[in-house]
Amino acid sequence: MPTDSTPPDPSQLLHGVAPIAHLGVLRAQGEDAAAFLHAQLTQDFVQLDAQHARLAAFLSAKGRMQASFIGLQRSATEVLLLCSRDLLAPTLKRLSMFVLRAKVRLSDATAEFALYGLAGSAVETIAGSVGPAWAKADFGSESVVHLYPALGQPRALWVGPADAPAPAGPALDAGLWLWSEVRSGVATLSAPVVDLFVPQMLNYESVGGVNFHKGCYPGQEVVARSQYRGTLKRRAYLAHADAPIAVAAEIFAASDPEQPCGTVVQVAAAPGGGVDAIVCLQTAAAEQPLHVPQPEGQPMPLTLLPLPYPLLEEV
């Protein structure tokens, strides 16, 4: 008897509510909280309001990313920064060095909040509507931040007190949420790749992570020079591999097997097999056969996938 062997559409898997354990919460509290973050990060926090969130990066003086954040306002004197848990402690320590006389207190508030990812139909069911990326809505003590979609499916981040009931909806496997993070093309910096990238190397200027009109912040001159002098030679791409590859692994092009042309930034298991990844590559290498060396066996080929958003220079 004939059967339909057409594989299911992977995007149809992205519906439901997933617990998020890979992010921590850094809190800035005090009358100078927004102004302090404004002076340290790549985005405008002075103009941040209750209807929006911010994607932002914390840079070294040389413009290299030390951490990335999703920032949201809880009140006029409280801002939460969500970042990779493995970077929270060192980032809190380093940011605290710049507080000086500012009226702001920084702390690790991870234990006080619960985080969930919403995907597909769960976004509209829980948030009431699908909003553009970085739009935010508050529901009492809980907040929903709309994110970039993945494979055409809307996504959002639910942030609430740790003792609040979880958002109601069908369960979404946490691994599928991590896969949706990769397929959105918006990288979350983690410890293995600290100090490797100027924000534009991860396309942050194209996904709302850099404000070129705000005042100075550490690394700002490097970011501006990369944008306006045409010195940027690396970009973020989506890629697929048929077997696991590691974050921070070097990538090589067929034309030069000795010198790496890129780095693996973020990886998640793909539901159809293998892994999908965000990679940072030299733009000149993007048209060549690519591979990641393996500790044992043959190098693992990489196949580039379409980027799900236009780059700023192409808009």
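The largest pocket of this predicted model is lined by H22, S84, L178, E181, V182, T188, S190, V247, V265, Q266, V267 and A268, where a pocket is an open set of points on a 1 Å grid over the protein atoms alone, fitting a 1.4 Å probe, with protein on both sides within 12 Å along at least five of seven lines, and lining residues have an atom within 4 Å of a point. Its volume is about 220 Å³, taken as the space filled by probe spheres set on the points. Strand β13 (262–269) and helix α4 (174–183) each supply at least two residues of this lining, and β13 gives the most, with four residues; helices are DSSP runs of H or I with at least four residues, and strands runs of E with at least two.

Residues are numbered from 1 along each chain as its sequence is written. Local features need pLDDT of at least 70 and side-chain atom pairs pLDDT 80 or more, while totals for chains, interfaces and linings use all residues, and side-chain values use heavy atoms, without hydrogens and water.

Elsewhere, helix α1 (residues 33–40) has the buried residues A33, F36, L37, H38 and Q40, buried meaning under 20% relative accessible area with a 1.4 Å probe, protein chains only. Among the elements that cover them are β2 (23–29), β3 (53–59) and α2 (85–96), through contacts, that is, heavy atoms within 4.5 Å.

The cysteines form zero disulfides, a disulfide being a pair of cysteine sulfur atoms within 2.5 Å. C261 is buried, at 4% relative accessible area, and because its sulfur is 9.9 Å from the closest cysteine sulfur, in C280, the two are too far apart for a bond.

Technical notes
Buried means under 20% relative accessible area, exposed over 50%, partly exposed in between (1.4 Å probe, protein chains only).
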